[in-house]
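Here are my notes for anyone opening this model for the first time. Have the structure on screen while you read.

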There are 2 protein chains.
Amino acid sequence: MKCRICGGEATIKLKSYNIKLCEQDFLNFFKRRVAEAIREYKMFTHQDRILVAVSGGKDSLSLWDILAQMGYQTTGYHLYLNIADASEQAFEAVKNFADKNNLPLIVDRLDEIIGAGIEQASKVMKKPPCSVCGMIKRYRFNRLAEEKGFSVVVTGHHLDDECATLLGNLLHWQEGYLARQYPVLEEKEGLVKRAKPFVYVGEEEIKIYARVRGINYVQTPCPYSRGATSLIYKRIIKEIEEQMPSTKIYFLKAFFKNYRERFYAEEEKVKLHPCPECGYLTVGEICNFCLLKKKLQKFSSQK
Amino acid sequence: MKCRICGGEATIKLKSYNIKLCEQDFLNFFKRRVAEAIREYKMFTHQDRILVAVSGGKDSLSLWDILAQMGYQTTGYHLYLNIADASEQAFEAVKNFADKNNLPLIVDRLDEIIGAGIEQASKVMKKPPCSVCGMIKRYRFNRLAEEKGFSVVVTGHHLDDECATLLGNLLHWQEGYLARQYPVLEEKEGLVKRAKPFVYVGEEEIKIYARVRGINYVQTPCPYSRGATSLIYKRIIKEIEEQMPSTKIYFLKAFFKNYRERFYAEEEKVKLHPCPECGYLTVGEICNFCLLKKKLQKFSSQK
């Protein structure tokens, strides 16, 4: 097997692109695709201070790795969820990566910031754990951006994730979600800018990247992800790509370029105001993060 | 298992609708859904003379059966493709159905109308058999409509077919196809009106209908359908429905109602003129059907 670029020994085969590459040319190829997405969607520049959301999995650690490699100013952000076994492993992976690469890391421990674990938080909010976890992370992203001057938060969502989301949104014609699905969400009203630099690289490529770069990551998925509908869509997207290579990239690129604008996000008529407890902009009486804390206090005082 | 409608013994379970029914109430349920589609899209009335395209499979024979049951004026149309084994079986199923139900049937034999089989036609046209077969059928539909006064042609395309087509068109953002996908295509410029009365019933329901009504149909698919991409999409649609019942119907209905109009068919700037050979309206010098006949003549004179 010969490398398409240098003609040397190829060890990597990318079916979606119908190319064989050696490790070095794979790394270059991978970096070019990430750089292309950053440039195309004006995600950030070398002047930005970037907060990288890291779970300890291959996607987020690979993202942090490549952005650091490309010379961007990155700081990791990890939310320690206090899930038995799982959280400690995830934290170790993140901590080791940061130490090894001498990169700054911010860790929030759920028990410290809300005084409870995710299971209990989910119970008092009467919402699924993933929804509460997402809310807490968004809250912390925005607070940290404000307090420590980060101009953008990046996440490891990749081509397969985005295609799966798009498929689900189309199957159910989720107009508002379709309108908002984009590789970059600009800053507005107290919400920090968010970007997905892996939007054009697939999960398989990230796996190869992590292996070639020797990144130690947590392989077990979050226990709460079991049975998620997103996993059904991801499996289907993999099947489609398997049968018709390069469908994924066209499906997503053409949507962003030509079709997303045909869907309309509901107008946000609601007025935001600062939360009386913490100052975070919210539509509710108090913000959801403070609401969670209040509910947890009430719950523990009733015990 | 109790029938949701009459409380009697239910023998049929419809997962997509989460209901159990007895045979009689299933037939009523099925008929209501077909009647709803006919009415909603103004497909035809009892005054129309309807040409039913019948292959001999469960979909088209069930369609013919229910339309006849509902008192519509139907005539079957079958194209005998001269495929070894397959065609004779298909023809027998269609002929037996017509005889048993005392319904008029028109049969075109490919060897008689073009003097060759589908394989040879595909070869001289340098197009896949399915594409040539479709062209011949469309040509014959329109000629028969004109010559014998049929006002509409109906086909057995069902919910699963239409969802599979929609999925494929979205994955590849086939804008023109998206704009044209609709349960009814109005008559225009020599093209007879076409309709799909099964657009809101799934393949599983049609199978049950055919069984309950005792319809003898051909079970082996056309040998040329093997490996068709449409089969991949159909399998995926089945998988999605299995995991999330009633996704199919919403996916398709909402598309027709709210989203199809956001896609644009390319403007047909081309002028149609009558084919000098047969008078059929065409964009080419001669129409494709006459082109096929000419190519076949040339081919056989070269032998």
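1. A word on ground rules. This is a predicted model, in which local features need pLDDT of at least 70 and side-chain atom pairs count only at pLDDT 80 or more, while totals for chains, interfaces and linings use all residues. Residues are numbered from 1 along each chain as its sequence is written, chains are lettered from A and ligands numbered from 1 in the order in which they are written, and side-chain values use heavy atoms, with hydrogens and water left out.

2. Now the interface. In contact (heavy atoms within 4.5 Å) are 25 residues of chain A and 25 residues of chain B. About 2,500 Å² is buried between the chains, with carbon and sulfur atoms giving 69% of it; buried area is the accessible area (1.4 Å probe) that two parts lose on being put together, summed over both. On the chain A side, A:L171, A:W173 and A:R262 lose the most area, together 28% of what that side buries.

3. Look next at helix α5 (residues 118-125) and helix α6 (residues 129-148) of chain A, which pack at about 100° with axes 9 Å apart. Helices here are DSSP runs (H or I, at least four residues), numbered from the N terminus; axes are lines fitted to C-alpha atoms over the stretch in contact, and angles run from 0 to 180 degrees between N-to-C directions. That makes α5(A) roughly perpendicular to α6(A) (65 to 115 degrees). A:I118, A:A121, A:S122 and A:M125 of α5(A) meet A:P129, A:V132, A:C133 and A:M135 of α6(A).

4. In chain B, helix α7 (residues 159-171) and helix α10 (residues 229-243) have axes that come within 8 Å and cross at roughly 110°. α7(B) and α10(B) are therefore roughly perpendicular to each other. Among the residues in this contact are B:L167 and B:L171 of α7(B) and B:Y233 and B:I237 of α10(B).

5. Back in chain A, the axes of helix α1 (residues 23-40) and helix α9 (residues 203-212) come within 11 Å and cross at roughly 125°. The contact includes A:F26 and A:F30 of α1(A) and A:I206 and A:Y209 of α9(A).

Terms used:
Helices (H or I, at least four residues) and strands (E, at least two) are DSSP runs, numbered from the N terminus. Angles under 35 degrees count as roughly parallel, over 145 as roughly antiparallel, 65 to 115 as roughly perpendicular and the rest as oblique.
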